[in-house]
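Please view the sequence and the structure together while reading.

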Amino acid sequence: MSKITLFLLFMGIFGQLSAQNISFKKYEYVGTGASQHYQYLPMLAGKHVGVVTNHTGIIQKIVHQKDSTITVQNEHLVDFLLSKKVKIDKVFAPEHGFRGTADAGEVIKDGVDAKTKLPIVSLYGKNKKPTAEQLKGIEVMLFDLQDVGVRFYTYISTLHYVMEACAENYIPLVILDRPNPNGHFMDGPVLEPAYKSFIGMHPVPVVYGMTIAEYAQMINGEKWLKGGLQCNLKIIPLKSYDRKAIYPLPVAPSPNLPNATAVNLYPSLCFFEGTQVSMGRGTKWQFQIYGSPYLEKTAFTFVPKPNAGDKNPKFNGRTCYGEDLTQTPPLSQLNLSWLIKAYEQTSGVKTPFFTSSFDKLAGNKTLKEQLLQHKTEKEIRDSWQKSLKDFAKIRRKYLLYPSDF
């Protein structure tokens, strides 16, 4: 357990998100679902419990407040539950593992947590959905993951499969809601069914502007689970949540999203995952820079090398030319100018710009075709608008908190 000061947090790891260019409101303390233990502990009393969580399942408690400085205490949800004598049978871990240290895409194996000695069941790899055998004896499932509000971030795919497994096995699912750091906007193409995959399971835009509990309600309400099943959901909502307010995440949501700038740029830069361009994996500026050996030579360069976030990064050991985006004002929409610029600079290079995963990230084949046709950013953005408006009507039905879009 450690003490941190929110003022220092603002200025430190997750303090790079300022109010520039976004009408963010002043930061106010938000009560996460996990912090409202008086609501969910009675649901767990005397029952065998499964927990879907990872290192982001943090409970913050205000222990001191003076002027504009608030001191909070951090405790992991699992440690807290054990201290309250909750019978945890198993912990189910998503991509990056229970402790959040695995590379993106790295297969996570079942095991035992060194600290708590609890069995860990991996939900990333061959086993993305809890089996009936793995759920045997569990009477209630608790779900607490820090999402970032982007379609290809796999925690919402894990949510889908957990909901489906719970529905099939008649297990209630309690979701402890958390703020969405990209919850202040909605943007991007809506996924088409033909491009469904684990990095995009539902017909939603790239950025959908919902908390993970709101999203769960949408999965249920739209009957996206197999056979139209519906999960028995119990939601512990946020207190004092405002989509336009700054919410500094207590810990990095995954190894390659080290700070608020990376979280904000992630929806725009992740398209590069499906191209011959690096977005900084293998450096300390993941999702805050981009570059490639194939781009025009620039003063800004970087050389990807194996690190804690990627053991074998794209262009390992090669000099990449590109742009430093670490000082980019926070975005309230996707930025396509970097993708378009990189494509135009490599259009004459023999190495194909696109890889096989690009269409899955885009959720369609249209975006690739638009780039091949040298469409402008405005032309591309205009092509999304009807589907965005249609999705907005669906989204509104499941919101738990006020929204002006």
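Which exposed residues does the face of H2 turned away from its buried side carry? They are Tyr38 and Pro42; here exposed means over 50% relative accessible area, buried under 20%, and partly exposed in between, with a 1.4 Å probe and protein chains only.

## Basis of the model

The model is predicted: local features need pLDDT of at least 70, side-chain atom pairs count only at pLDDT 80 or more, and totals for chains, interfaces and linings use all residues. Residues are numbered from 1 along each chain as its sequence is written, and side-chain values use heavy atoms, with hydrogens and water left out.

## Overall composition

The protein chain has twelve helices and 13 strands. Helices (H or I, at least four residues) and strands (E, at least two) are DSSP runs, numbered from the N terminus. Of the 405 residues in the protein chain, 57% are buried.

Contact means heavy atoms within 4.5 Å. Among the contacts in the protein chain with a separation of 6 or more, 74% are between residues 24 or more positions apart.

## Helix H2

Helix H2 spans residues 37-44, and its buried residues are Tyr40, Leu41 and Leu44. They lie on the same side of H2, because the arc they cover around the axis is only 110 degrees. That arc is taken over the directions from the helix axis to the C-beta atoms. An α-helix has 3.6 residues a turn, so residues three or four places apart point the same way.

The buried residues of H2 pack against strands E2 (48-53), E3 (58-66), E8 (140-144), E9 (173-176) and E10 (233-236), and against helix H3 (77-83). After H2 comes glycine 46, which has a positive phi near 75 degrees.

## Helices H5 and H6

Two packed helices are described by the angle between their axes and the distance between the axes. For H5 (residues 155-168) and H6 (residues 212-221), the angle is about 50 degrees and the axes are 11 Å apart. Axes are lines fitted to C-alpha atoms, for helices over the stretch in contact, and angles run from 0 to 180 degrees between N-to-C directions. H5 and H6 are therefore oblique to each other; angles under 35 degrees count as roughly parallel, over 145 as roughly antiparallel, 65 to 115 as roughly perpendicular and the rest as oblique.

On the H5 side, Ile156, Leu159, His160 and Met163 meet Ile212, Tyr215, Ala216, Ile219 and Asn220 of H6. The contact of H5 with H6 has seven nonpolar residues, two polar and no charged ones. Ala, Val, Leu, Ile, Met, Phe, Trp, Tyr, Cys and Pro count as nonpolar, Asp, Glu, Lys and Arg as charged, and the others, Gly among them, as polar.

## Valine 162

Valine 162 lies in helix H5 and counts as buried because its relative accessibility is 1%. Leaving out residues up to four places away in sequence, valine 162 touches Val52, Leu123, Pro130, Met141, Phe143 and Leu173. Valine 162 and leucine 173 are eleven residues apart in sequence, with 8.5 Å between their C-alpha atoms.

## Helix H8

In H8 (residues 337-346), the buried residues are Trp338, Leu339, Ile340, Ala342, Tyr343 and Thr346. Packing partners of the buried residues of H8 include helix H7 (260-269), strand E11 (289-292) and strand E13 (320-324).

## Positive phi in loops

Histidine 374, in the loop between H10 and H11, is not a glycine either, and its phi is positive at about 60 degrees. Histidine 374 counts as partly exposed because its relative accessibility is 46%.
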